[in-house]
Amino acid sequence: MPDKDAKQSAIVVGGGPAGLTAAIALAAGGIDTVLAGRRPAANDNRTTALLAGSVTALATLGVWELCADQAAPLKTMRIVDDTGRLWRAPEVKFEAQEIGLDAFGHNIENRHLVEALERRARALSNLRLIENEVLDIEPGERAVLLALKSGETLQAPLVIGADGRRSLCRDAAGITVEAHDYPQVALTVSLRHSRPHHDTSTEFHTPSGPFTLVPLPGQRSSLVWVLDPLDADDLIALDDADLSDEIERASHSILGKVAVEPGRGRFPLTRAKARRFARSRIALVGEAAHVIPPIGAQGLNLGLRDAAAICEVAVAAHKRGRDIGGINALAEYDRLRRTDIGSRTLAVDLLNRTLLTDFLPVQGARGFGLYMLDRIGPLRRALMREGVEPRASQPRLMRGEAL
Ligand SMILES: Cc1cc2nc3c(=O)[nH]c(=O)nc-3n(C[C@H](O)[C@H](O)[C@H](O)COP(=O)(O)OP(=O)(O)OC[C@H]3O[C@@H](n4cnc5c(N)ncnc54)[C@H](O)[C@@H]3O)c2cc1C
């Protein structure tokens, strides 16, 4: 049974961006927190387009000031139909100014984001960071017991599972997932280019999936290229000069001459959604709760809203002297996240499927949808607002309010 202090403490499993954000928010809200995370196996060369609400949350937690100069603003987003099909959509341009924002968000390399989160986490005296693997998790009536590889054991009434797509926390809570693998792989690489990007991200919709260029500071951009797995492997095997030429060709030279930087990532496309987001004193955040294809920059933005929501619920319970991992708190968290996660998983899945299909009516419907967005200003603006700040779920941190 936990002692009185343990009653108001929490453990976060996983030191990726979602777990670090949750740990910082809990500690900043006055809850003694331990974060146990093992180092990821490979270097992450991805970037994240953080939408405006996520940037506000990171600023509220004192993280953004540590990495803002490594991020590039996203002021314009273009969607270009590059399918070459009969029913082709018009090019659609979304301007942040149209909805009164300077930028939809900012794009940052994951390594810089994680570095800033780790720096902030180390500065909080009531947050203990343990670099170790959690081997066993046993939920109990009053607390969850964790065994680390080092031999140490930990217990707390609330565990936040931020341990990624193969989550041990999810298994320990007895939560199952609905999952689907797509016949696609995302190739990721960063580039230098001879022409400026003008703070514009461009998403070419191709028959194998989107080819998306997202600005980085200076004359640099990140590329997420979704393709058939065998084509991805052929590209990954090319030397830098040949890969640069292929990228320049696929991007129709909109950024001029392109030179790839070291490091290439290969991510099989998957969709997965936990059937519940919390159970048995364990709340799931980030990819432990949902995995979606990298289309429309939604994955980690959803993960940060998960982190903000569970911390808001836990800190409120803590301030009222209630059980921070009890049934009421977990049910509230599950309720808060259901619509946001469900609607975005569905939208990204549908968009990806309309690109892959050979079925003409579906291609036509997609083209017509984009045509309507191009022509009808209020519809376009409503979609932009919903993309940046979902009405269904905007936790306090995303509104700039400390917990
Ligand atoms: C190509 C690509 C591009 C993307 N671009 C964007 C984008 O522009 N915008 C966006 O919002 N999202 C984007 N995403 C999604 C985003 O990258 C993910 O949502 C995010 O990285 C997930 O973070 P996480 O903290 O949930 O999980 P992870 O980063 O996977 O972290 C999980 C951590 O838990 C640790 N761990 C696992 N098991 C244990 C254990 N037993 N004990 C201790 N530690 C453990 C792991 O080592 C790891 O460090 C993209 C994804 C892909 C594939």
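Two strands are taken to pair if DSSP finds at least two bridges between them, and helices (H or I, at least four residues) and strands (E, at least two) are DSSP runs numbered from the N terminus. The model is predicted: local features need pLDDT of at least 70, side-chain atom pairs count only at pLDDT 80 or more, and totals for chains, interfaces and linings use all residues. Residues are numbered from 1 along each chain as its sequence is written, and side-chain values use heavy atoms, with hydrogens and water left out.

**View 1. The three-stranded sheet β9-β10-β11.** The strands form an open sheet in this order, with antiparallel pairing. Because β9 (134-139) and β11 (153-156) each have a single partner strand, they stand at the edges, and one side of each lacks a neighbour in the sheet. From one strand to the next the twist averages 20°; axes are lines fitted to C-alpha atoms, for helices over the stretch in contact, and angles run from 0 to 180 degrees between N-to-C directions. Five bridges join β9 to β10 (residues 144-148) in the antiparallel sense. Isoleucine 137 faces leucine 146, a residue of β10.

**View 2. The six-stranded sheet β8-β2-β1-β12-β20-β19.** This open sheet has mixed pairing. Strands of a sheet pair through backbone hydrogen bonds, in either a parallel or an antiparallel manner. At the edges are β8 (127-131) and β19 (278-279), each of which pairs on one side only. Strand β1 (residues 9-13) runs parallel to β2, with five bridges between them, and valine 13 is opposite alanine 36 of β2. Five of the six residues of β2 are buried, where buried means under 20% relative accessible area, exposed over 50%, and partly exposed in between (1.4 Å probe, protein chains only). Strands β12 (residues 158-161) and β20 (residues 282-284) are also parallel, joined by three bridges. Isoleucine 160 has alanine 283 in β20 as its bridge partner.

**View 3. The surroundings of the ligand.** The ligand is surrounded by 30 residues, of which Ala49, Val134, Glu287, Leu300 and Asn301 are the closest; a residue is near a molecule or strand if one of its heavy atoms lies within 4 Å of it. Oxygen atoms of the ligand lie 2.9 Å from a backbone N or O atom of arginine 38 and 2.9 Å from a polar backbone atom of alanine 49. A polar backbone atom of valine 134 is 2.9 Å from a nitrogen atom of the ligand. The protein buries 90% of the 1,000 Å² that the ligand exposes when taken alone, with accessible areas from the Shrake-Rupley method and a 1.4 Å probe; for residues, only the protein chains shown count as cover. Two or more residues of the shell come from each of α1 (17-28), β2 (32-37), β3 (47-51) and α7 (299-319). By class, the shell holds eleven nonpolar, 13 polar and six charged residues. Ala, Val, Leu, Ile, Met, Phe, Trp, Tyr, Cys and Pro count as nonpolar, Asp, Glu, Lys and Arg as charged, and the others, Gly among them, as polar.

**View 4. Loop residues with positive phi.** Histidine 198, a residue other than glycine, has a positive phi near 55°. Histidine 198 lies in the loop between β13 (177-193) and β14 (200-206) and is exposed, with a relative accessible area of 61%. Serine 280 likewise has a positive phi near 55°. The loop between β19 and β20 contains serine 280, which is partly exposed at a relative accessible area of 34%.

Key
Polar contact = N/O pair within 3.5 Å; in protein donor to acceptor, adjacent residues only side chain to side chain.
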